Amino acid sequence: MRQRARSTDDKAQRSEELLAAAEAIALERGGVRFVTLAPVTARAGLHRTGVRRYYASKEELLLELAERGWREWSAAINQMLGDREDLQPRDVAAVLADTIASLPVFCDLLTHVTLSLEGDVDIERARQYKTNSFAAYDEIVSALENASSMAIEQIQALVAAALAFAASFWQVSHPTPTLAALYEQVPRWGHVALDFHPRLRQLLQATATGLAEPVPTR
């Protein structure tokens with residue numbers, strides 16, 4: 001086992017190593033629901049009780065991973081946009097779909113954040129998550145507004161749709177071993193295990209087109 005981190009930089013490094021270990025285990029085992037602290041600390045090279053010096057609980061660790069996911073999504077969007085200023089609604093939808101789909105653990109976590117993680121940490125940790133996730137959200141909306149012809153209200157609605165679709169579709173398209181076996185036995189039920197990225201892109205583009213349509217007046 002590694003020695004206890006003493007300096008601020010060492011502690012930050014250990015924290016990142018724990019996050020990386022949790023993310024790797026989620027990818028290997030098929031979702032964050034299968035992440036437990038014992039294998040996370042073992043992979044990070046810490047004693048099984050060492051994680052408590054950095055995160056009070058598994059829920060706090062996973063919430064931190066979701067918070068990092070927001071920063072990564074914002075960075076991915078900005079990188080894909082570059083200096084563009086001519087995006088049409090379908091292009092904006094494609095940017096949202098392609099970037100969020102590149103962050104599978106974040107997509108998975110979106111469901112768990114709402115269901116349990118935010119409510120299972122103390123109020124100050126929940127406040128930190130809300131503050132930082134909303135900051136990333138504002139950056140995303142601002143970047144898309146500057147790069148496209150869409151109004152800010154349309155972009156906000158499209159980002160909300162991206163979050164809802166990504167959270168739901170990821171869960172459906174990554175069935176548990178029990179459901180995967182069931183779908184093999186009854187293929188017609190397996191249609192719900194849809195192809196995540198193509199379907200996400202298709203429905204976001206349809207949503208963006210609808211949002212950009214002028215509302216008819218009587």
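Helices here are DSSP runs of H or I with at least four residues, numbered from the N terminus.

**View 1. The whole chain in a predicted model.** This is a predicted model, and the secondary structure of its chain comes to nine helices and zero strands. Along the principal axes, the C-alpha trace spans about 70 × 50 × 30 Å, while the accessible surface comes to about 11,800 Å², with 52% of that area belonging to carbon and sulfur atoms. The chain has 218 residues, of which 44% count as buried.

**View 2. Leu182 and a nonpolar surface patch.** Leu182 is found in helix 8, which covers residues 177–185. Together with Leu179 and Trp189, Leu182 makes a nonpolar surface patch of about 240 Å². Leu182 counts as partly exposed because its relative accessibility is 30%, and partly exposed is the class between buried, under 20%, and exposed, over 50%.

**View 3. Ser57 in a loop between two helices.** Ser57 has its place in the loop that lies between helix 2 (37–43) and helix 3 (58–81). With a relative accessibility of 16%, Ser57 counts as buried, because that class takes in values under 20%. The side chain of Ser57 reaches the backbone nitrogen of Glu60 at 3.2 Å. When residues up to four places away in sequence are not counted, Ser57 touches Leu37 and Arg52.

Conventions:
Residues are numbered from 1 along each chain as its sequence is written. This is a predicted model: local features need pLDDT of at least 70, side-chain atom pairs count only at pLDDT 80 or more; totals for chains, interfaces and linings use all residues. Side-chain values use heavy atoms; hydrogens and water are left out. Patches are made of residues with over 30% relative accessible area and no salt bridge: like charges are joined within 9 Å, nonpolar side chains (Val, Leu, Ile, Met, Phe, Trp, Tyr) within 5 Å. Accessible areas come from the Shrake-Rupley method with a 1.4 Å probe; for residues, only the protein chains shown count as cover. A salt bridge is a side-chain nitrogen of Lys or Arg within 4 Å of a carboxyl oxygen of Asp or Glu. Buried means under 20% relative accessible area, exposed over 50%, partly exposed in between (1.4 Å probe, protein chains only). A polar contact is a pair of N or O atoms within 3.5 Å; within protein, one must be able to donate a hydrogen and the other to accept it, and residues adjacent in sequence count only if both atoms are side-chain atoms. Contact means heavy atoms within 4.5 Å.
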